[in-house]
Each structure stands twice: as structure tokens, then as C-alpha cells.
Amino acid sequence: MHLMKADMGGAATVAAAVLAIAKLKLPINVKAVIALCENMPSSTATKPGDVVTAMSGKTIEVLNTDAEGRMVLSDALYYLTTTYKPHTVMTVATLTGAMVIALGDVFTGAFCSNESLWEDLQNAGLVTGDQFWRMPLHANYRELMTQSNVADLANIGVKNGGGSCSAAAFLREFVPRQSEPPVEPLDMNEDDTLQTRYAHLDIAGVMETSSDSGYNVKGMSGRPARSFVELARQLSKKGSSK
């Protein structure tokens, strides 16, 4: 629990990146939504089995109260995409312990809805030395999150394993669609059903470092704020305004 002082790492990297983009006066329109909550026991705390209605209207059965980050992210994601209709949207959070197991503190896990956004992220990471590893978005992980008997979604998968992938599939459900497809695409890594390019970045593994290396200082890392700034710089050169 002592490392949970860094569980606000997603919010911190977003705030830092937006401030840097503003100070650099990059010619790009950036909107940031920072979703904050405190996960503490009380007489009014959410309980396992509760059903919550998200801003989008979808219902979510809470099977694990420790999976609270995706609950607030889902509303932030839906609010941002429906209000501002951006060209590209990303969620970033210290979301799952499973990502620590998968990639350690070397790469940020990146779930991308199409190849062009993955290439943009990868190029930014190569410039900053703060790299990403592409993880799968797939309908089978979505299925793990849609088997609640009382709600549209559950907030954790019905099976153990693949926790980072099922969490990413959960968040994708709150990105508006171009139209409701008759059948969900099996491979969501090249997904033309969404209204925007979407990426979810799980930074649980890279939120802190145990040694001084390069520009990293032992402790909380602030990754991948540098890569966000570089991504904005590259997109501004391409003419992506939003």
C-alpha cells in the first residue's frame, strides 16, 4: 500500500504534459480531463454487488471495489469524447497490477484502436527513450466484461488472467461508436467502429523506478509525460488540430 502514493500517476502525467505543451506553445488543441476519487471504506462506500449507472447510461456491476479507477475513467472518457469530439483520445492510469507482471518497469502497456495511433505513440517513445509495448484489444477480453447477470458490464473479468487486457476492453465500451455494428469486430486493434482514434495506456509498471538511470531518478518516475509532449509535437506537425 505504501506505493499507492503514486496511484495518481495518470493524473500527474496528464497535468504535467498539458502544462509543458502550453509552455512550449505547441500549435495543437489539447483538452485534458482528470478524474479523481478516493477509495476508502465508510458507511456509504460502494459494496461488491452494487450496480452503478455510468454517464453513458450503461450499467456496471461492481464485483471488485479495488477496480475503482476504471469506474471514474469511464465517465471521464465518455464526457471528453462526446463533449469535444477529439481527433485522438487517450486514457492513462496506473490501472492494473497485471501490467506490472506483464511488462515490469520497462515499457508502458499500450492498447491502441488502430495502427496509425500505435505508430505515433511508438515514434514518440523512441524519441524520448520512454517506450511503449503494444498490448491486444480483442473481443474475447470484452466478453469477459459483459457476462454480468444484472448489468451491461462487470468491473472485472469473470476469469482470472488477462486483467490488463480486460480492463482496456472495458474502457473501450465508453468511446462513442460511428454506429452500432451488427457484430463486434474480433480484432479491435484496427477498429473502424469508433468515432475517434483511441488508446489506453496502463502505466502501473512504470510509475516508479528502483534505480537512477538516464533521466529517471529513483522513486516516482512521471512516465510517460515526456512522450505525451513529443506526441503532441509530432501531431501538431502533421496538422492534427484536436
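Student: Why is valine 33 called partly exposed?

Tutor: Its relative accessibility is 31%. Buried means under 20% relative accessible area and exposed over 50%, with partly exposed in between (1.4 Å probe, protein chains only), so valine 33 counts as partly exposed. Keep in mind that this is a predicted model, where local features need pLDDT of at least 70 and side-chain atom pairs count only at pLDDT 80 or more, while totals for chains, interfaces and linings use all residues. Residues are numbered from 1 along each chain as its sequence is written, and side-chain values use heavy atoms, without hydrogens and water.

Student: Where is valine 33 placed?

Tutor: Valine 33 is in the loop between helix 1 (9-23) and strand 1 (51-53). Helices (H or I, at least four residues) and strands (E, at least two) are DSSP runs, numbered from the N terminus.

Student: What makes Val33, Met55, Tyr79 and Tyr84 a nonpolar patch?

Tutor: Nonpolar side chains (Val, Leu, Ile, Met, Phe, Trp, Tyr) are joined within 5 Å, and like charges within 9 Å. Tyrosine 79 has 33% relative accessibility and tyrosine 84 has 34%. Together the four residues have about 330 Å² of accessible area, by the Shrake-Rupley method with a 1.4 Å probe, where only the protein chains shown count as cover for residues.

Student: How many aromatic pairs are there, and why is the pair of tyrosine 79 and tyrosine 84 called edge-to-face?

Tutor: The count comes to three aromatic pairs. The rings of tyrosine 79 and tyrosine 84 have centres 6.3 Å apart and planes at 90°. Rings of Phe, Tyr and Trp (its six-membered ring) pair if their centres lie within 6.5 Å; planes under 30 degrees apart are stacked, over 60 edge-to-face and the rest tilted. So this pair is edge-to-face.

Student: What makes phenylalanine 107 and tryptophan 133 edge-to-face?

Tutor: Their ring centres are 5.1 Å apart and their planes stand at 65°, so this pair is edge-to-face. Phenylalanine 107 lies in the loop between helix 3 (97-103) and strand 4, and tryptophan 133 in strand 5 (residues 132-134), so the pair ties together parts 26 residues apart in sequence.

Student: How do you know that threonine 108 is buried?

Tutor: Threonine 108, in strand 4 (residues 108-112), has 0% relative accessibility, so it counts as buried.

Key. Patches are made of residues with over 30% relative accessible area and no salt bridge: like charges are joined within 9 Å, nonpolar side chains (Val, Leu, Ile, Met, Phe, Trp, Tyr) within 5 Å. A salt bridge is a side-chain nitrogen of Lys or Arg within 4 Å of a carboxyl oxygen of Asp or Glu.
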